[in-house]
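Student: I would like to go through the helix packing and the pockets here. Please set each value against its definition.

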Amino acid sequence: MGPVKIRVEGVSKVFGRDPKVALAKVDAGMDKTRLMEETDHVLGLHGINLEVAAGETFVIMGLSGSGKSTLIRHFNRLIEPTGGRILFDGEDILGFDQTRLQAFRRRKVAMVFQRFALLPHRTVIENVMYGLLLDGVPGTKARERAEVQIGLVGLSGFEASYPAQLSGGMQQRVGLARALATDAEVLLMDEAFSALDPLIRHDMQMQLKELQGRLGKTIVFITHDLDEALLLGDHIAILKDGTLRQVGTGAEILRAPADDYVARFVRDVNRARILLCGAFADAGLIPAADAPEIAASATLEAAFGVFAAGAHAVAVRNANGQLAGTLTARKVMEALARG
């Protein structure tokens, strides 16, 4: 991972007539329910601290009302915090005046919405070009950049089509192309795939992973779906009632949930598809000379076939070919049983 791209420091958000006074009550120990009942204020976020590294896909997840969509809208100041700071490349964006904020939104961050937000009376290429033209990019150059991004998301040949002529998945790809065309350093994706049918949603998830592998953007992705979070996220933040319960890799969260809420959240996950062989290899156990081999980066599920074929242990090797240790069938069963 690269250096810190976005740092969130003590961010809180209260909705209501006098949010500062209400936040002081929360800081003193009042919970979200009492705050609403006694002051008619809504607690959106409280004391959020996290870091997003350059080039990673950082997933923020939680159930409805957890504060995840409120949080992502702080990253481009669509929502202003009641307290705290938001740093982008070390600079507090809360100090930006309107001119700098507008430039920041146009050139540094781009947002992909759940409901596509396409202009129905404009063609695919006109939708993708739209932000570039608003930013003063000459028409010919804007069209060239738009064509490149349309090709990147697999929609070449549909440039002259209108949104109503496209499937939901294709419309979402137009939205993604439009965000990519700005060449923004950060993509903010708020429930971007939630409105799609399951098969189309999976296709979009895999396309995003493939694109991220090539482009190396910094992506902040919001979802309520744990499987989606585990598939896409380099790191995952789990929110509940506006508070941050845990941040970590998918494997870290599965292996060591921070509290009972997170443990319940991850209880039914297929751990074999997330946990990696390297994490459970015994470095002190030398494999037999004829032992089958598997990559440390392979999931435990990838080792099932080897054990089913009769092997009791496999040699685990790192990306550089060095021996990381030995993985036994018993170790795999123990890892999965802890779920």
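Tutor: Angles under 35 degrees count as roughly parallel, over 145 as roughly antiparallel, 65 to 115 as roughly perpendicular and the rest as oblique. This is a predicted model, with local features needing pLDDT of at least 70 and side-chain atom pairs pLDDT 80 or more, while totals for chains, interfaces and linings use all residues. Residues are numbered from 1 along each chain, and side-chain values use heavy atoms, without hydrogens and water.

Student: Why are helix 5 and helix 7 called roughly parallel to each other?

Tutor: Helix 5 (residues 124-134) and helix 7 (residues 168-181) pack at about 30°, with axes 8 Å apart. Roughly parallel means under 35 degrees. Helix 5 and helix 7 are therefore roughly parallel.

Student: Which residues make the contact?

Tutor: Contact means heavy atoms within 4.5 Å. Helix 5 brings Val124, Asn127, Val128 and Leu132, and helix 7 brings Val174, Ala177, Arg178 and Ala181. By class, six are nonpolar, one is polar and one is charged.

Student: What makes the largest pocket a pocket, and which residues lie nearest its centre?

Tutor: A pocket is an open set of points on a 1 Å grid where a 1.4 Å probe fits, with protein on both sides within 12 Å along at least five of seven lines; lining residues have an atom within 4 Å of a point. The largest pocket has a volume of about 600 Å³. Arg105, Arg106, Met111, Gly131 and Thr182 lie nearest its centre, among 22 lining residues.

Student: Which helix gives the most to that lining?

Tutor: Helix 5, with four residues.

Terms used: Axes are lines fitted to C-alpha atoms, for helices over the stretch in contact, and angles run from 0 to 180 degrees between N-to-C directions. Helices (H or I, at least four residues) and strands (E, at least two) are DSSP runs, numbered from the N terminus. Ala, Val, Leu, Ile, Met, Phe, Trp, Tyr, Cys and Pro count as nonpolar, Asp, Glu, Lys and Arg as charged, and the others, Gly among them, as polar. Grid points are joined across faces, edges and corners, and a volume is the space filled by probe spheres set on the points.
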